[in-house]
Amino acid sequence: MKADLRYEKEVRESSAFRTIESDLRRGEFSHAYFILSEDKDALDTLFALIAMRVYCENACLECKECRKVLMRSKPDVKYLAEGEENFSVEEMSALTEDAGMTSFEGGAKLYFFKNFERVSEAAQNKLLKTLEEPYPGVHFILSAANAASALPTVLSRVKQVILSAFPEEALREGLLRSGVSPERAARGARIGQGSFTRARALAADEDFARHVSEVSGMVRSLKKSSDVRSFLRAPFFSKDRILSTLSILEIVLGDAVKLHLGLPPTLSEIAEDLAEIAEMYTTAALGAALDVITTCRIRLKANCLAQNVADYLMLKMVEVKYKCR
Ligand SMILES: [Zn+2]
């Protein structure tokens with residue numbers, strides 16, 4: 001029986017997988033790749049597909065090799081920096097030493113880094129030497145949301161590949177196939193901004209409609225900096241919900257931009273609220289506020305407290321509203 005791998009069809013069709021697949025087919029599998037993507041769900045699938053393709057020509061999901069990859073029982077395939085913890089120089093030393101040893105099964109050795117943004121500068125420097133003088137048959141597949149997290153010296157020694165945003169229809173089908181209900185899959189895909197990770201989180205939001213109205217209510221009430229205090233302890237800014245809140249806020253502000261441009265909003269169900277927000281914020285202010293959201297995501301990734309990020313977000317929103325009148 002064929003094993004199940006989330007979003008397999010969609011990721012297999014991505015240009016990122018096809019690029020690496022074609023390198024493998026031509027016998028030019030690079031000793032190091034850097035995959036740019038913030039879609040961690042899609043990355044998990046991409047990593048599995050790459051690993052399977054290295055040991056099985058079709059990445060068939062059925063043969064012994066593919067099954068071992070899927071069960072993570074291949075001793076020559078290692079997954080690093082998967083969590084939120086920092087990856088230290090000591091860990092990197094152990095890893096580069098490991099990379100220098102002969103493979104267990106006689107084939108290629110693969111090291112996948114899911115959150116390269118978690119790898120310290122000192123650890124990256126440690127890896128540099130191995131990238132400069134690669135061991136035969138040893139491959140590093142690094143990944144991060146953006147290239148800024150990697151040292152320029154590291155970037156110059158890897159092949160950069162972008163895992164592009166997925167079309168709405170691909171997101172919807174992928175979510176459906178992974179067991180999400182049709183209505184929720186459609187919603188997640190519509191507002192997921194090309195990311196399976198975001199689409200899935202938004203599809204899973206139990207109180208989506210309420211969450212949207214809370215966020216739009218917050219935007220409409222933020223008139224001056226003293227208004228910030230009343231929202232600091234709002235449940236939608238809790239550690240668990242702040243990321244979803246940022247995604248929804250991004251859609252709300254993006255919709256206000258669309259209204260300025262005479263385009264139909266994504267969240268048509270709150271059209272009146274959106275019109276009010278478009279009235280409050282100029283296009284320039286909305287653009288600046290959207291940039292603030294990006295900064296907030298980076299701060300959360302860097303382990304800033306949710307409440308501090310919420311404070312910063314709201315103060316900045318009040319500020320850009322005034323600056324860009
Ligand atoms: Zn196979």
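The following dialogue examines a predicted model of one protein chain.

Visitor: How many helices and strands are there in the protein chain?
Guide: The secondary structure of this predicted model comprises both element types. Strands number 5 in the protein chain, and the count of helices is 15.

Visitor: What radius of gyration does the protein chain have, and does that value agree or disagree with a compact globule?
Guide: The C-alpha atoms occupy a box of roughly 65 × 45 × 30 Å along the principal axes. For 325 residues, a compact globule would have a radius of gyration near 20 Å.

Visitor: What percentage of the residues of the protein chain count as buried?
Guide: A residue is counted as buried if 20 or more other C-beta atoms lie within 10 Å of its own. Applied to the 325 residues of the protein chain, this criterion gives 38%.

Visitor: Among contacts between residues at least 6 apart in sequence, what share joins residues at least 24 apart?
Guide: The contacts considered here are those in the protein chain between residues at least 6 apart in sequence. Of these, the share that joins residues at least 24 apart is 72%.

Visitor: How far apart do the C-alpha centres of domain 1 and domain 2 lie?
Guide: The protein chain is divided into domain 1, residues 8–162, and domain 2, residues 205–323. The distance between their C-alpha centres is 36 Å.

Visitor: At what angle do helix H8 and helix H9 pack?
Guide: Two packed helices are described by the angle between their axes and the distance between the axes. Helix H8 spans residues 168–177 and helix H9 spans residues 182–191, with their axes 8 Å apart. H8 passes H9 in a right-handed crossing. The packing angle is about 145 degrees.

Visitor: Is Arg72 buried or exposed?
Guide: Arg72 lies in the loop between helix H4 (64–70) and strand S2 (77–80), and its phi is positive, near 55 degrees, although the residue is not glycine. Its C-beta has 11 others within 10 Å. Because the cut-off for exposure is 12 or fewer, Arg72 is classed as exposed.

Visitor: Is Ala81 buried or exposed?
Guide: Most residues other than glycine have a negative phi. Ala81, in the loop between S2 and helix H5 (89–99), has a positive phi of about 45 degrees. Because it has 22 C-beta neighbours inside 10 Å, Ala81 counts as buried.

Visitor: How far apart in space are Gly137 and Lys109, C-alpha to C-alpha?
Guide: Gly137 is found in the loop between helix H6 (121–132) and S4, and it is partly exposed, with 16 other C-beta atoms within 10 Å. Not counting residues up to four places away in sequence, Gly137 touches Ser103, Ala108 and Lys109. Gly137 and Lys109 are 28 residues apart in sequence, and their C-alpha distance is 6.1 Å.

Visitor: How far apart in space are Asn146 and Ala271, C-alpha to C-alpha?
Guide: Asn146 is placed in the loop between strand S4 (138–144) and helix H7 (152–155). With 13 C-beta neighbours inside 10 Å, Asn146 counts as partly exposed. Asn146 and Ala271 are separated by 125 residues in sequence, and in space by 34 Å.

Conventions: Residues numbered from 1 in each chain as written. Predicted model: local features only at pLDDT ≥ 70, side-chain atom pairs only at ≥ 80, totals over all residues. Helix = DSSP H or I, 4+ residues; strand = E, 2+ residues; numbered from the N terminus. Rg over C-alpha atoms; globule rule 2.2 N^0.38 Å. Contact = placed C-beta atoms within 7 Å. Axes fitted to C-alpha atoms, helices over the stretch in contact; angles between N-to-C directions. Left-handed = near helix turned anticlockwise from the far one by under 90°. Domains from an automatic or database assignment.
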